[in-house]
Amino acid sequence: MPDNESSSLRKILLLVALLLAFFVALTCFYQTRATEAVVLTTFERPVAVVTEPGLRMKWPWPIQKDYRFDMRSRLYQSQTDDYLVKDGYNVKVRAFACWSIADVGLYKNKVGVRTADGEDKIATLVGKYLNTTLSEKRMSDLVGAGSGGLAAVEECILAPLSKDAKDSYGIEVSAFGFDRLELPEEATEAVFERMKAERQTMVAKITSEGKAKAMRIREEATSEQKRIIAEAEAEAVRIRGEADTKAFEYLEVYKKRPNFALFLKKLQALENSMKTKTTLILDRDVPPFDMLSPNVLKRLETNENKD
Amino acid sequence: MNYDLPRLQKGASPITEHTALLLLFISAAGAGALFLLATKLGSAGVLGMAFLCCATAYTCLLAFFHGRVQRLAFEELILNREASGPAGNLFSDDGAAGDRCHVWAQCEKWFIPLASVVLLLGELAAAGYLVMRLQGTLASPVENGAFKLWQALALGVMAFAFFLLGRYAAGLGYSGERRQLRAPASLFVFLSFHLGVAVAAFLAAQVVVSSEGSAFRNPEPFLTGFAAIVFGLFALQRLALMILAFYRPKSADPTQEMPLYENRLTGLLAQPEGIWAGVAEIVDYQFGLRVSRSKFQTFFVNAFLPFLVFQLLTLALISCVVVVPAGQRGFVERWGRVAGAPLEPGLHFKFPWPAEKVHYSQADQIVSFKIGSFVGLKMEGPAATARFWEQMPEDAPLFLTANQAGDGSGKAASIVNLLAVEVEVQYVVDRPEAYYYRHATPLESLKELATNELLSYLACHDGLALIRGEGGFNLAMRDRLDTLSKRLDLGIRVNSVALLRAQPPTRNGTVAAFHLSMVNEQKSMTMVCDAESFSSKLVPEATSAACALVNAAKSYNVAKVLSAKADADVFARKYQLYASYPGLYPTLAYLERFQTAAQAPRKTVLATDIVDQVFSLDLKNEVNPEMLDMMNAEPTEK
């Protein structure tokens with residue numbers, strides 16, 4: 001091998017060695033983020049749990065290793081599964097849980113170092129408690145205006161789930177809930193049919209109710225009208241009666257001179273009766289037509305002389 | 001071809017084999033590492049790079065065998081030359097060429113082309129596989145958190161090491177006797193560029209995801225597409241070279257021939273200065289400018305390392321500048337520890353990477369998302385612009401709601417209704433530090449909580465009341481969701497919840513049944529409205545008529561009393577007059593009245609002495625003027 005080529009290869013190997021040294025030096029430092037906790041191990045034996053963020057030193061790899069754990073709350077979403085409730089129905093349920101690592105040491109020992117491992121454990125617990133809890137609940141406990149609703153069922157699951165996860169795996173479950181709740185296909189079809197039938201019944205009911213209500217309103221209105229008119233007429237009669245009574249009080253005056261009163265009334269009647277188109281057939285002696293009598297002047301002279 | 005002894009001795013050195021073997025081990029190790037990384041990340045792009053590493057290892061293997069066969073042939077030639085004298089042709093049947101030379105010749109003729117065909121098939125298979133992966137869904141390892149920064153660093157170091165090794169091998173392969181090294185060298189250099197591109201893509205996606213940007217969150221399609229194109233181009237150019245190899249004349253010296261497994265495209269990358277030198281020589285030859293020996297060329301070649309350092313320093317300086325976009329907050333982490341208060345939007349300075357890093361979180365801006373039956377559904381045609389009940393896709397998920405009109409049997413079909421709903425939630429990140437540091441996926445958590453609350457609300461409320469717009473759904477949901485957000489410390493304030501849509505399902509004609517009932521409900525309401533209108537008209541009319549009656553009676557009352565009183569007064573006065581003038585008053589009064597009465601428009605006065613005669617008058621007809629002449633009528637006997 002020529003010298004220059006050998007020298008070139010040596011340079012390359014030196015560079016590679018420097019790179020390796022750089023990498024080894026890099027493994028002497030580890031950094032903990034504000035969102036993380038680190039479990040430091042010496043030959044895989046945990047020696048420290050670091051939760052405070054910052055840059056620290058350690059023995060190089062493979063003597064010491066730093067295992068990082070994201071301490072932030074995470075979301076777990078289960079698959080949609082069938083569960084049997086107490087009254088024999090099976091419901092399709094999908095649930096979720098918010099979880100985070102509470103005890104890093106326990107988590108590493110019992111679960112592992114990957115987030116996915118934690119999700120697997122949560123999935124197992126969620127499945128277990130869903131199964132046991134839903135098998136004790138009726139359909140009406142899940143859905144129904146009178147029931148405690150899903151919130152009560154979720155509470156029933158959250159409490160043991162959280163305790164079990166914390167004790168067994170160092171995981172804290174802060175929230176649990178359903179995000180899907182469905183009936184099986186056959187039951188869904190039955191609900192559709194029932195909803196349709198209910199609507200059809202409602203059509204007849206609504207129509208008859210509307211008619212009845214309209215009729216009742218009309219009848220009430222008519223009845224009210226008649227009552228009002230009747231009351232008004234009665235009132236009018238009463239008022240008129242009062243008027244007549246009062247008017248009769250003034251007849252006392254006539255009572256003292258009845259003939260004169262009669263005379264005046266007759267005059268008034270005469271006038272009233274002749275207001276319309278009237279044809280009068282009168283004797284010539286009826287005043288003032290007696291003036292048409294041939295001897296009226298003689299009678300007047302005689303009377304004048306008498307006076 | 002005659003070989004001089006120094007050349008044979010140079011070609012007979014094992015440096016080609018050693019280098020090829022070193023490259024083979026490194027590329028095989030690299031391929032293994034990349035396969036592991038691809039499996040860990042679930043990344044098709046990294047898998048493409050692993051394929052390329054495999055192709056490189058295969059090429060190294062070919063180069064090793066090729067170089068070894070050639071070296072053995074050269075050693076045989078040297079021995080024969082030393083034994084028989086300076087004459088001798090490699091591929092002639094003279095005494096210089098022996099079995100090893102024969103094997104070399106057969107290797108050039110059969111083994112190398114066949115091995116190249118295998119390589120071509122491998123490249124085609126890799127391109128096809130990557131294209132197939134491209135047609136599927138490629139999850140982003142950055143978004144799902146599988147990608148870590150140390151992996152980018154490792155890829156970058158691998159790229160740097162590959163580049164150095166490639167350049168070293170390319171330098172060795174510059175000599176014609178070690179030409180076999182050119183193929184792996186060029187592939188190593190290309191692989192280093194490919195790795196560099198991957199590192200850049202992953203880091204760019206990491207920055208975008210950290211700052212919650214919307215563009216380039218997933219580098220996978222780009223990297224996979226890039227690898228697929230690379231393999232496609234490699235296969236094409238190899239096929240073209242094979243076809244051309246049939247037609248072009250062969251050189252007598254096989255060491256001057258380009259092996260079929262060599263890649264011309266990557267060769268340009270391995271020896272880029274060759275392009276410059278070639279161009280410079282053309283300019284020298286054509287124009288006599290002596291560019292090839294110019295100061296510029298010298299500077300270009302010598303200043304590469306300082307230039308690289310300058311670039312790195314520039315990058316470090318750039319990393320000191322932080323621009324926080326509007327509507328976001330920046331969190332400076334010094335060696336992982338949060339340093340100081342969150343950065344407001346604007347220009348800021350920090351220590352260079354990696355001492356300080358900035359993470360971004362959204363804040364201030366009101367953002368909304370939708371949950372319910374219509375999320376993720378693709379609306380096409382009229383449904384995209386108008387939302388009628390009938391246009392809801394049949395496969396839209398439905399929500400179970402309580403049925404208050406249930407028959408009390410407890411059967412599922414009786415106690416529940418199914419409803420499609422769409423709800424919009426508006427929120428604002430009011431505590432960015434909690435939003436970013438306490439939850440890995442706060443928005444997804446909020447969406448799940450909102451969906452859960454919607455499910456819970458509907459499960460214990462009559463869903464049909466929602467369709468009719470009854471109940472305080474929006475306020476109740478907002479309060480419940482906001483309380484939950486605070487309890488879980490999401491750093492989010494829920495501004496409003498709005499029920500955008502609630503409708504019955506479209507399957508089995510349920511919507512049609514609802515429409516029918518609604519039409520009838522409208523008709524029923526119309527009937528009731530008509531009746532109420534009738535009632536509202538009739539009763540006031542009756543009241544009015546009643547008032548009129550009563551008023552008339554009251555008027556009568558007043559008039560009657562007053563009239564009676566007036567009559568009494570008049571009577572009293574008249575009687576006084578009568579008492580004063582008893583003989584005159586009656587006659588005068590009578591005549592006055594008669595006169596008044598006789599003023600009627602039409603009257604007939606008959607004055608006759610015959611009082612016991614009867615006149616027959618037909619008064620049915622209008623009285624004729626002739627009647628005035630009744631005085632002249634003939635009287636008839638009774």
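How many residues does the contact take from chain B and from chain A? The contact, counted where heavy atoms lie within 4.5 Å, takes 115 residues from chain B and 112 residues from chain A.

The model is predicted, so local features need pLDDT of at least 70 and side-chain atom pairs count only at pLDDT 80 or more, while totals for chains, interfaces and linings use all residues. Residues are numbered from 1 along each chain as its sequence is written, chains are lettered from A and ligands numbered from 1 in the order in which they are written, and side-chain values use heavy atoms, with hydrogens and water left out.

**View 1. The interface of chain B and chain A.** The size of an interface is often given as the accessible area lost when the parts come together. Here about 10,500 Å² is buried between chain B and chain A, 70% of it on carbon and sulfur atoms; buried area is the accessible area (1.4 Å probe) that two parts lose on being put together, summed over both. Of the area that chain B buries against chain A, B:Glu448, B:Phe571 and B:Phe594 supply 7%, more than any other three residues.

View 2. A:Glu52 forms a salt bridge with B:Arg337, with the closest N and O atoms 4.0 Å apart. Helix H17 (residues 510-580) of chain B gives 38 residues, the largest share of the side of chain B that touches chain A. Helices (H or I, at least four residues) and strands (E, at least two) are DSSP runs, numbered from the N terminus. The residues on that side of chain B divide into 67 nonpolar, 26 polar and 22 charged; Ala, Val, Leu, Ile, Met, Phe, Trp, Tyr, Cys and Pro count as nonpolar, Asp, Glu, Lys and Arg as charged, and the others, Gly among them, as polar.

**View 3. A salt bridge within helix H6 of chain A.** A:Arg216 and A:Glu220 meet through their side chains in a salt bridge (3.9 Å, N to O). Both residues lie in helix H6 (residues 185-249) of chain A, four residues apart, about one turn of the helix. Over all chains the count comes to 34 salt bridges.

**View 4. The open sheet of chain A.** Three strands in the order E3-E2-E5 make up an open sheet in chain A, with antiparallel pairing; two strands pair if DSSP finds at least two bridges between them. Strand E3 (45-50) and strand E5 (64-70) of chain A each have a single partner strand, so one side of each is left without a neighbour in the sheet. Strand E2 (residues 36-42) of chain A pairs with E5(A) over seven bridges, and A:Val39 stands opposite A:Tyr67 in E5(A). In the loop between strand E4 (54-57) and E5 of chain A lies A:Pro62; the peptide bond from A:Trp61 to A:Pro62 is cis, with omega near 10°.

**View 5. The open sheet of chain B.** Chain B also has an open sheet of three strands in the order E3-E2-E5, paired antiparallel. Its edge strands, E3 (337-338) and E5 (356-362) of chain B, each pair on one side only. Strand E2 (residues 328-334) of chain B is joined to E5(B) by seven bridges, and B:Gln328 stands opposite B:Gln362 in E5(B). B:Trp335, in the loop between E2 and E3 of chain B, has a positive phi near 50°.
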